[in-house]
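Here is a short tour to read with the structure open beside you. Take the topics in any order you like.

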Amino acid sequence: MKKRIIALLLAATMLVSLTACGTKKDAEKDTTEGTTTEETTGEDTTAEDTTEKVDFSVGMVTDTGGVNDQSFNQSAWEGLQNLQKNTGADISYLESTQETDYAPNLDKQVDEGKNLIWGIGFAMADAIITAAETNPDVNFAIIDNAYETTPANVTGVMFRAQEPSFVVGYIAGLTSKTGKVGFVGGMKGNIIDQFEYGYRAGVDYAAKELGKEITVDVQYAESFSDSAKGKAIATKMFSSDCDIVFHAAGGVGVGVIEAAKEAGKFAIGVDRDQAYLAPENVLTSALKLVNVAVELVSTEALNGTQIGGQTYNYGLAEDAVGIPEENPNMDPAIYDKAMEVEQLIKDGTIVPPYNADTYGK
Amino acid sequence: MEKIVNLLKKQITSTIIAILCGFIVVAILLTLTGYSPFEAFGILFNGIFSKPKYISQVIIKATPIILTGISVAFAFKVGLFNIGAEGQYIMGTIAATVAGILFDFPPVLQIPVVVLSGVCAGGIYGAIVGFLKAKYGIHEVITSIMLNWIAFYLGNFVVNTQRFHQPDSTGTYIINESGFTMFLYGWKRSEEGKAFLMEHPVLLDVILKTDVNFGIVFAIIVAVAVAILLKKTTKGYELRSVGFNKDAAEFAGIDVKKNILHAMLIAGAVAGLAGALTITGMSPHKISTMGTFENYGFNGMSVALIAGSSPIGCIFAGLLFAGLLYGGGSLQSAIGAPSEIINIMIGTIVFFVALTKIVPVLADKLVKRGEKHAR
């Protein structure tokens with residue numbers, strides 16, 4: 001009996017492997033045909049399903065966070081999905097698991113005949129430049145990076161993160177009862193400086209309005225992923241009289257929000273509306289809507305606008321940053337005031353600082 | 001009958017069966033999740049073989065995991081489970097990056113300096129594990145897991161030191177170009193090189209658009225060297241006897257402690273070499289702050305397992321592994337199948353390889369049954 005089972009198993013494996021081989025060849029033939037047509041007609045990659053589709057394809061390569069990182073990679077992918085819904089453009093993504101994946105992944109997207117390729121995050125800055133040099137006929141775009149000299153087929157996308165930071169700083173200043181608020185940064189650098197100094201200035205603005213002194217406790221976690229450290233820092237801040245802590249530290253912030261939950265105080269989220277992490281303890285979030293920026297830039301490219309060779313700078317005026325509309329933990333009166341401040345920033349009446357030099361001017 | 005049984009008893013047969021099983025499981029999974037498995041496998045193979053460039057990418061990607069695979073396989077032959085290949089790899093990258101940034105000799109000197117510093121760092125790191133095991137009998141799995149984390153955080157620490165951290169980035173500076181081990185690097189970036197390559201699209205693809213490097217040559221040399229060391233030398237005989245039976249080896253007059261130390265030193269050096277070659281041969285030529293392990297060492301464990309701890313087998317297992325990882329990317333962008341599918345496939349293959357011990361047993365049973373019937 002056993003022998004028969006074995007024989008049967010073996011036969012089954014053989015059969016499957018045989019059929020697998022057969023179809024493999026067919027599929028291979030199909031796709032090679034596909035690639036040859038692609039070579040001759042240039043960018044006719046969406047030929048298979050031409051149902052109401054524009055002939056434009058966008059690809060993105062994530063950084064090592066992956067596409068479900070609850071942060072900007074995910075946000076960027078949502079932006080592309082929205083783009084597909086609105087325009088019918090062809091979209092796809094590739095995840096990087098190691099730093100050495102950046103270059104091959106970008107190259108793979110080029111091979112698939114993408115018109116525009118996104119690199120998500122400034123870690124990919126060098127890889128994008130190299131890919132752009134070797135593929136002068138493909139457009140590249142990168143989130144959170146501005147080059148000193150931008151090649152003609154590269155677009156940098158930056159956010160004025162100091163603007164929403166200013167707004168949440170203002171909110172924190174008005175909400176704070178102890179007159180002491182905190183800020184937890186990831187790693188010192190241009191990007192995080194925007195958050196820190198925008199926030200400080202917002203708090204100062206509120207302090208001036210209230211006519212009292214509000215101090216800002218600033219500490220860096222030297223990491224973007226160590227949530228335990230974030231929790232430790234925030235817990236210390238809460239126990240030394242801070243009642244609101246804002247974080248701009250990626251995964252570290254998860255710990256900050258956890259600490260707020262345990263201490264029964266408030267945390268302010270970043271990048272996305274992080275209220276879902278602790279509905280009772282997240283006051284608001286400084287949004288940086290990567291999805292909006294990705295969609296805006298992609299749409300421009302799709303419409304034939306020349307987007308290369310420059311850096312786009314998105315802020316409140318473009319609705320690419322801001323705070324969530326729903327803030328159940330916030331006093332509605334404060335929300336209204338915050339909206340007024342937002343308007344002032346849009347007008348240019350208030351220009352939030354973005355680093356130590358512009359702060360205090 | 002005899003022939004089939006003999007065939008089944010061979011390691012290679014069971015490995016191939018395991019690989020097929022992996023494909024079958026993934027095919028079922030793809031069908032269940034609503035993707036056509038045939039289309040998916042078509043894309044996968046196409047993503048590996050359809051262009052010379054892809055094959056070259058697979059080889060590039062395979063280089064480090066072949067080496068970490070050899071590291072694990074070698075230690076395994078001496079009866080040690082080198083789970084610390086990850087840490088030794090990281091130490092290799094750190095040392096190579098530091099040396100590559102600090103020194104700027106001409107390439108003839110720079111490359112050996114950078115690569116050797118990686119090898120030494122990995123070797124010393126492995127030797128710590130070997131020393132603790134030999135001298136105090138502390139289990140190598142425990143020490144090397146701990147050392148993995150120490151290497152991990154040491155890497156993050158080095159990235160953030162003033163001397164090496166590149167401002168406004170998550171990484172260090174790039175190592176000096178004199179340490180690059182890419183094939184024709186200077187020439188392909190020069191004007192005449194570019195002009196020549198533009199006229200030869202295939203070469204353009206393979207040379208300019210990938211980081212073709214000498215790493216694979218090192219990997220093959222190491223594989224052969226380790227195989228010879230194990231099979232043809234007295235030292236190899238000693239090492240293997242320690243692996244088979246420590247007590248018997250000791251009784252036969254072999255210094256077990258010394259051999260454990262040496263085995264871990266060599267295993268660590270090979271993993272460190274993998275790290276160094278990644279830094280010199282592949283962009284971004286630097287280390288960055290890590291959030292999680294990059295899994296070069298852990299993938300090496302899978303490679304060693306698939307290869308059945310044969311150093312030469314590691315070359316092929318590494319290529320298979322890298323091919324699946326690289327081709328898997330195409331699955332993601334072409335039909336939107338999640339990358340987890342590929343990981344499940346690799347996991348299944350490793351699982352079935354681990355199960356392949358069953359195949360020879362089954363084969364034995366076949367023979368016995370046959371004998372019974374004959375009577």
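A residue counts as buried if 20 or more other C-beta atoms lie within 10 Å of its own. With that cut-off in hand, Ala307(B) qualifies as buried, because 27 C-beta neighbours fall inside 10 Å. Please keep in mind that this is a predicted model.

**Ala307(B) and its surroundings**

- You will find Ala307(B) in the loop between α15 and α16 of chain B.
- Leaving aside residues up to four places away in sequence, Ala307(B) touches Gly69(B), Ala73(B), Gly313(B), Cys314(B) and Ala317(B).

**Nonpolar cores**

- In soluble globular proteins, nonpolar side chains tend to be buried together.
- The largest nonpolar core here has 114 residues. Those with the most contacts inside it are Ile66(B), Ile70(B), Ala263(B), Met264(B), Val270(B), Leu273(B) and Cys314(B).
- Helix α14 (residues 256-281) of chain B gives this core its largest share, 15 residues.
- A further core of 105 residues lies apart from that one, and its members include Ala89(A), Met124(A), Leu174(A) and Cys242(A).
- Ile70(B) touches Val222(B), Ala223(B), Val226(B), Val270(B), Pro311(B) and Cys314(B), again without counting residues up to four places away in sequence.

**Leu265(B) in helix α14**

- Leu265(B) has its place in helix α14 of chain B.
- Is Leu265(B) buried or exposed? Leu265(B) is buried, because 20 other C-beta atoms lie within 10 Å.
- The residues that Leu265(B) touches are Gly123(B), Gly126(B), Ala127(B) and Gly130(B), not counting residues up to four places away in sequence.
- Leu265(B) and Val158(B) sit 107 residues apart in sequence, and their C-alpha atoms are 23 Å apart in space.

**Helix α7(B) and two partners**

- Helix α5 (residues 85-102) of chain B and helix α7 (residues 140-159) of chain B have axes that come within 8 Å and cross at roughly 25°. The two helices are therefore roughly parallel to each other.
- The crossing of α5(B) past α7(B) is left-handed.
- On the α5(B) side, the contact is made by Glu86(B), Gly87(B), Ile90(B), Met91(B), Ile94(B) and Val98(B). On the α7(B) side are Ser144(B), Leu147(B), Asn148(B), Ala151(B), Phe152(B), Leu154(B), Gly155(B) and Val158(B).
- By class, this contact of α5(B) with α7(B) comprises 9 nonpolar, 4 polar and 1 charged.
- Now for the other partner: the axes of helix α6 (residues 107-136) of chain B and α7(B) come within 9 Å, crossing at roughly 150°. That angle makes α6(B) roughly antiparallel to α7(B).
- The crossing of α6(B) and α7(B) is right-handed.
- From α6(B), the residues Tyr125(B), Ile128(B), Val129(B), Leu132(B) and Lys133(B) meet Glu140(B), Thr143(B), Ser144(B), Leu147(B) and Ala151(B) of α7(B).
- This contact of α6(B) with α7(B) holds 6 nonpolar, 2 polar and 2 charged residues.

**Helices α15(B) and α17(B)**

- How do the axes of helix α15 (residues 296-306) of chain B and helix α17 (residues 340-355) of chain B cross, and at what angle? They come within 9 Å and cross at roughly 45°, so α15(B) and α17(B) are oblique to each other.
- The crossing of α15(B) and α17(B) is left-handed.
- Ser302(B), Leu305(B) and Ile306(B) of α15(B) make the contact with Ile346(B), Ile349(B), Val350(B), Val353(B) and Ala354(B) of α17(B).
- The residues of this contact divide into 7 nonpolar, 1 polar and no charged.

**Chain A, and where the chains meet**

- Chain A has 10 helices and 12 strands, and of its 361 residues, 52% count as buried.
- Among contacts in chain A between residues at least 6 apart in sequence, 67% join residues at least 24 apart.
- The contact between the chains takes 42 residues from chain A and 37 residues from chain B.
- On the side of chain B that touches chain A, α2 (11-32), α3 (37-49), α16 (311-335) and α18 (358-374) of chain B each supply at least two residues. The largest share of that side, 7 residues, comes from α3(B).
- The residues on that side of chain B divide into 14 nonpolar, 16 polar and 7 charged.

Note on methods:
Residues numbered from 1 in each chain as written. Chains lettered and ligands numbered in written order. Predicted model: local features only at pLDDT ≥ 70, side-chain atom pairs only at ≥ 80, totals over all residues. Contact = placed C-beta atoms within 7 Å. Helix = DSSP H or I, 4+ residues; strand = E, 2+ residues; numbered from the N terminus. Nonpolar A, V, L, I, M, F, W, Y, C, P; charged D, E, K, R; others polar. Axes fitted to C-alpha atoms, helices over the stretch in contact; angles between N-to-C directions. Parallel < 35°, antiparallel > 145°, perpendicular 65-115°, else oblique. Left-handed = near helix turned anticlockwise from the far one by under 90°. Core = buried A, V, L, I, M, F, W, Y, C linked by C-beta atoms within 7 Å. Buried ≥ 20, exposed ≤ 12 C-beta atoms within 10 Å, placed from the backbone.
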